[in-house]
Amino acid sequence: VWWAQILGEIRARLFAVGSPLKRFDDSHFRRFLLVAMIVAGGVLAAQAAFAYYFMSSITHEQYLQLETYYPIAALVGLVAWTLFARAMTSDLRHYLAASRGELRDAPPAAVIYRRAQALPYRLALLTIVVWFVVALVGALIARVRLAFDLDDTIVLSTATLVLAVAGAIYEQLWHREVLRPLLAHLTQRYRVPVRSIAPSLSLRSKLMLSFGGVSTLFTVVDAG
């Protein structure tokens with residue numbers, strides 16, 4: 001992400017006459033996917049470290065077998081994330097296509113602004129859902145196939161979910177940075193009345209998504 005940011009700043013200085021919206025159009029979904037891949041890699045590394053250093057009751061063979069599953073599951077999850085994210089960003093693509101003159105009908109600027117504001121949180125929620133499925137299937141494999149104890153299975157699956165929620169918090173911050181040029185374009189060109197637009201997600205919903213999940217999961221871990 002930082003490397004892409006550095007290259008983006010270099011391109012902006014070399015091609016200063018280019019439209020910021022055009023640069024956003026060329027790279028926004030690729031950057032969404034890059035962020036999701038970085039978060040997935042971080043969750044995988046943290047999960048592997050947690051299982052290695054804190055799950056002393058499992059054998060080394062069980063650990064290796066479990067860690068063979070998680071990268072494959074994360075790859076499948078990334079493919080599913082990409083497909084759903086493409087569907088969730090279809091309105092943005094329609095608007096960008098209309099700005100290029102390829103389409104005539106496009107959602108109003110105020111609608112696009114509101115959906116762009118909510119998109120980082122929706123993509124982060126999608127990440128949590130994907131990792132919930134990964135952790136659930138991993139728990140079934142650990143319990144049925146690898147003969148993990150029930151307590152170990154619960155702790156490991158819950159830890160994976162905690163890490164996924166923590167990663168999703170940073171993910172939505174990065175997604176907001178990706179969308180910043182589009183929001184600035186809509187505000188400046190169409191003079192979108194930002195204060196009068198009701199957000200798709202309320203402040204309470206955003207706080208619950210950002211911090212409520214982590215607090216709940218850590219409570220479950222402490223109780224276990």
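**A walk around the tyrosine rings**

Y52 counts as partly exposed because its relative accessibility is 48%, where partly exposed is anything between buried (under 20% relative accessible area) and exposed (over 50%), with a 1.4 Å probe and protein chains only. Y53 counts as exposed, because its figure is 62%.

A word on what you're looking at: this is a predicted model, where local features need pLDDT of at least 70, side-chain atom pairs count only at pLDDT 80 or more, and totals for chains, interfaces and linings use all residues. Residues are numbered from 1 along each chain as its sequence is written, and side-chain values use heavy atoms, with hydrogens and water left out.

Now for the rings. Phe, Tyr and Trp (its six-membered ring) pair if their centres lie within 6.5 Å; planes under 30 degrees apart are stacked, over 60 edge-to-face, and the rest tilted. That rule gives four aromatic pairs here. One of them is Y52 with Y53, edge-to-face at 5.0 Å between centres and 85° between planes. Y69 and Y70 make another edge-to-face pair, with centres 5.0 Å apart and planes at 65°. Both Y69 and Y70 are buried. Back at Y52 and Y53, ring pairs bring in Y63 as well, making a cluster.

Finally, look at helix α4, residues 90-99, where L92, Y95, L96 and A97 are buried. Helices here are DSSP runs (H or I, at least four residues), numbered from the N terminus. Just past α4, G101 has a positive phi of about 85°.

Methods: Helices (H or I, at least four residues) and strands (E, at least two) are DSSP runs, numbered from the N terminus.
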